[in-house]
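Here is a set of questions and answers about one protein model. Each answer sets a value against its definition.

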Amino acid sequence: ISTRDWSSDVCSSDLEITSPGMWDMMKTAATAGKNFIKSGMKFVSEEEFIAREIICKGCEFWNPKGYVNTGQCLRCGCSTKAKLRLSSESCPIKKW
């Protein structure tokens, strides 16, 4: 869960979209881990995982080559294969 305010960002085909820096991604991963533990370490169903994955793969911030071709969200920097499975996580731009 990123602390960065994305609401003022502009998305344009003229701009290159890059992932957050390593420090921001480390903070996001630590927060996600803490929230996962607090949730009782619950995962989403396979159906929910697939629904989330379809949404991510259609998103302009999806990077299919990120994390050794497993996928990465360029808004929060998360590995989508990991984040999509955690019931305590949500899309940084509220698509799921």
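Helices (H or I, at least four residues) and strands (E, at least two) are DSSP runs, numbered from the N terminus. This is a predicted model: local features need pLDDT of at least 70, side-chain atom pairs count only at pLDDT 80 or more, and totals for chains, interfaces and linings use all residues. Residues are numbered from 1 along each chain as its sequence is written, and side-chain values use heavy atoms, with hydrogens and water left out.

Q: Where is W23 placed?
A: W23 sits in helix α1, which covers residues 22-38.

Q: Why is W23 called exposed?
A: Buried means under 20% relative accessible area, exposed over 50%, and partly exposed in between (1.4 Å probe, protein chains only). W23 has 57% relative accessibility, so W23 counts as exposed.

Q: What makes the nonpolar surface patch of about 390 Å²?
A: M22, W23 and M26 make it. Patches consist of residues with over 30% relative accessible area and no salt bridge; like charges are joined within 9 Å, nonpolar side chains (Val, Leu, Ile, Met, Phe, Trp, Tyr) within 5 Å. Accessible areas come from the Shrake-Rupley method with a 1.4 Å probe, and for residues only the protein chains shown count as cover.

Q: Why is the pair E46 and R85 called a salt bridge?
A: A salt bridge is a side-chain nitrogen of Lys or Arg within 4 Å of a carboxyl oxygen of Asp or Glu. The side chains of E46 and R85 meet at 3.5 Å, N to O. E46 belongs to helix α2 (residues 46-57) and R85 to the segment after α4 (80-83), so this pair ties together parts 39 residues apart in sequence.

Q: Are E46 and R85 buried or partly exposed?
A: E46 has 43% relative accessibility, so it counts as partly exposed. R85 has a relative accessible area of 33%, so R85 is partly exposed.

Q: How many salt bridges does the structure hold?
A: It holds seven. Among them is the one between K95 and E60, at 3.2 Å, N to O. K95 lies in the segment after α4 and E60 in the loop between α2 and β1 (62-63), so the pair ties together parts 35 residues apart in sequence.

Q: Why is K83 called buried?
A: Its relative accessible area is 7%, so K83 is buried. K83 forms a salt bridge with E89 (3.9 Å, N to O). E89 has a relative accessible area of 4%, so E89 is buried.

Q: Which residues does K81 touch, not counting those up to four places away in sequence?
A: K81 touches F49, E53 and T70. Contact means heavy atoms within 4.5 Å. K81 lies in helix α4. Its relative accessible area is 36%, so K81 is partly exposed.

Q: What links E53, K57 and K81?
A: A network of salt bridges links them.

Q: How do you know where confidence is lowest and highest?
A: pLDDT is the predictor's confidence in each residue, from 0 to 100. In the protein, confidence is lowest in α4, at a mean of 83, and highest in α2, at 96. The mean pLDDT of the protein is 83, and 82% of its residues reach 70 or more.
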